[in-house]
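Good morning, and thank you for coming. I would like to take you through one structure, step by step.

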Amino acid sequence: LWRVEAQNAALRCMEIWHAPGVAVPHLTAACRTSLFARGAGLPGTVWADARPAWVLAVPDEEAFSRRAAVVEDGLRAASAFPIQAGQEVVGVVEFFAHDRREPDSDMVSILAELSGELGQFIERDRAQVALRQSEVRFRAVLNNVVDGIITFNSEGLVEWMNPAAVKIFGYDLSELLGKSVQLLLSGPAESLTDDETTRRARQGLTRKIGIGREMTGRRKDGTV
């Protein structure tokens, strides 16, 4: 399984599978250490053309970049098909066989359907990685601002505090997670978690721009 690495503008081998009892150490090593640019080698050609490709006799193809490894492992034929997310090729699946394999229209149809499913999986994985990286960057910013920042849910239960807020209020984060934000207020919290705020939070709505609230806080030692 080859996956497009945007930062390198190349395909990198991510996974290798083979049947039980089949040993392909030379090809495995060659794939693990190879990168293919668009249009280079069998994987790169499939990436560029966005359609399946076959090599019926790899030993006869001197230009095949991993030819020596294929021959060492007793393989002969190779094929590959693109993994697509919409119109974008996000990866390539490559197959090798010990005997000559002619293109099969039924197999092409099956692989085309599989391509779409794999493409969706890769897109979801890529989106999750991007989200995690964004969250890490966001938390890094919040962790280094001098203002205290506290997040809590629609029920008024604390979900997170940045180091500045921990220092200001004198609590360890573990002491407040899942606890009512009322612990940090010197007055009633009803105005902070009123019906309108709860309704908007549950509907994914933000507060109105320009409208804020000032409230008096209470530290762990009781001072305000």
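Let me begin with a definition: helices here are DSSP runs of at least four residues, numbered from the N terminus. With that in mind, look just past the end of helix 2, where A50 takes a positive phi of about 55°. Please note that this is a predicted model.

Let us stay with helix 2, which covers residues 41–49. Which of its residues are buried? They are L42, P43, G44, V46 and W47. As a general point, an α-helix has 3.6 residues a turn, so residues three or four places apart point the same way. What covers the buried residues of helix 2? The cover includes strand 1, strand 2, strand 3, strand 4, strand 5 and strand 6.

That brings us to the sheet. In general, the strands of a sheet pair through backbone hydrogen bonds, in either a parallel or an antiparallel manner.

Consider one pairing in detail. Strand 2 and strand 3 run antiparallel and are joined by 3 bridges. R12 has L35, in strand 3, as its bridge partner.

A pair of aromatic rings is described by the distance of the centres and the angle of the planes. How many aromatic pairs does a search of the whole structure find? The search finds 3, and I shall discuss two of the pairs.

One of them is formed by W2 and F36, with 5.1 Å centre to centre and 75° between the planes, an edge-to-face arrangement. W2 lies in strand 1 and F36 in strand 3, so this pair ties together parts that are 34 residues apart in sequence. W2 is buried, at a relative accessible area of 1%, and F36 is buried as well, at 5%.

Another pair, F81 and F95, is stacked: the centres are 6.0 Å apart, with 15° between the planes. F81 belongs to strand 5 and F95 to strand 6, and they are 14 residues apart. F81 is buried, with a relative accessible area of 2%, whereas F95 counts as partly exposed, at 37%.

Thank you for your attention.

Methods
Residues numbered from 1 in each chain as written. Predicted model: local features only at pLDDT ≥ 70, side-chain atom pairs only at ≥ 80, totals over all residues. Heavy atoms only, no water. Phe/Tyr/Trp six-rings, centres within 6.5 Å; stacked < 30°, edge-to-face > 60°. Helix = DSSP H or I, 4+ residues; strand = E, 2+ residues; numbered from the N terminus. Buried < 20%, exposed > 50% of the residue type's maximum accessible area, 1.4 Å probe, protein only. Contact = heavy atoms within 4.5 Å. Pairing = 2+ DSSP bridges.
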